[in-house]
Amino acid sequence: AAAAAAAAAAATADIIANRAIFAPIPKVGDIALINSPMLTGKAMVDALAPLGKGQNTLLVGADGEETRALGIDAIATQIKMASSSDEKDGGGGVDGGVECIYALTSSDPADRADVLKRLDEAGIADSVVVVAARGDDANTIDEDQVAVRSAAEAVSVAAAACAIGEAHALSLGRDALVVVDSIDEHKAFWDWTTRVLVDVYGVDAVVKDDRDGGASSEMRGFYSSLIQRAGQFNNKNGGGSVTLVMMRSLPGRPVGGSDDEDEIVFTPDDFAGASEKVKERIEILTKSNIALTPTNLKKIQIPVPVASETEQKRRLELQHVDDLISMSDGQIWLDENLGSGGQSPSLDPQRSITRIGIGADTMSRADAPALRSLVGGLRFELAQAAALEGAGEGSGADRQIRRRDAWMLAMQQPAGERRSLSENTVALLAASIGALDGVVREGGKAGTEEGSRAIQELLNYTKASAGDELNEIDSTLDLTDEVKSKLEETIKAHFDM
């Protein structure tokens, strides 16, 4: 058996070694519909921005630690699922386990140490293939040269990780999860390439859009060579899949700020260099207590002041993220303000979405059927509650806001806390039938000790009372009417409803 395992490992290594790092993206005839979930273990992600096997998605956030933790949690969930299946199969090994690859594009030794430490603490270090940048050449003293080499190596690291995933998918028929941490250096590499071409040929001969922060066809082609390497391959091509999660850093917001242009409020001082006529109109607006926002200024045809260099850079970065979003299958958007308010993960429900399965005429789906029936209108319900925030007691909004808080309690999971599909199903089902409303009313909101204890006690009770039903959910990924009815009875019994 040991000899057979060694031979299989050698064959796999040979297949990977012969895969081109910068392989072409799959053609339409090579892929099939995405129809199976790649669970992350996070209820909020799996419910609001689910990943499908073969999908690419952006993981966007200003907090690099949170994006990294979320990526590692997704990997750990897949490894745990494979381990659980292996135990149920008698320890004979699972061919269908997901091959997990972590691409660290940073050449900073501190980042490398941090990733390896996180993988080790999660107990998955020996089950993950880590592709990392080697770091700067000690003999290189030119800072610009070091930066360019680092950017080029980062692009190669991400491509190599994809090649490993493709080798498993195409040659071995396995599913692969590739997490790229991060694609920030891809932007640096593209900017450097553009500057070189501009220096040689001139801006008009290259692509003026790139200098203005736009997404030219050349830029889209560059990023697509990575983004579109994800795919669910059809049976003719092995039947495996490559799921790609790409982290992208967001520029930090001003304190209390927002990415929404309408939230920017200018002061009269910002118009110091304007004409006297404009100054008079600004004075009238100020006396009338009308906010000097871009929208209000444009309505009366007053030119919007030029933003500071820092703000201009921030806006270009946000525009670039929007360009990447337009090329991807979905995005998980982590919000600084939500995170500082205690929400974990700090996923923005309105900005996070999967575009797999959108449209009545498509058969493709990224979410697990067990969650689909529970969270169909959740995004709209959360948006309504947000709009009613601050309406005051007796306004009729209390109940809806409490329902929102119950949903958020069910989906609250700090970094490192992962749940099985069945556990997330129980928590979301409890929120959907109003079983958590009483917990919230008593102060057990998301992020509180009381709230965490209430969820854990519910899960423990359900495991003891409906273990077979939970196992069925985990094995089929579905929630039948019979199982749902049993779980509702169990939840109500626990809360004495």
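**Salt bridges and charge in a predicted model**

R365 forms a salt bridge with D367, the closest N and O atoms being 2.9 Å apart; by salt bridge I mean a side-chain nitrogen of Lys or Arg within 4 Å of a carboxyl oxygen of Asp or Glu. This is a predicted model, in which local features need pLDDT of at least 70 and side-chain atom pairs count only at pLDDT 80 or more, while totals for chains, interfaces and linings use all residues. Residues are numbered from 1 along each chain as its sequence is written, and side-chain values use heavy atoms, with hydrogens and water left out.

Buried means under 20%, exposed over 50%, and partly exposed in between, with a 1.4 Å probe and protein chains only.

The count of salt bridges comes to 25. One of them joins R68 and D111, at 3.6 Å from N to O. R68 belongs to helix 3 (residues 64-88) and D111 to helix 4 (residues 109-121), 43 residues apart; helices here are DSSP runs of H or I with at least four residues, and strands are runs of E with at least two, numbered from the N terminus. R68 is buried at 9%, and D111 is partly exposed at 24%. Both also belong to a salt-bridge network with D114, R118 and D181.

A further salt bridge links E153 and R134, at 3.3 Å. E153 lies in helix 5 (residues 143-172) and R134 in the loop between strand 3 (128-132) and that helix, so the pair ties together parts 19 residues apart in sequence.
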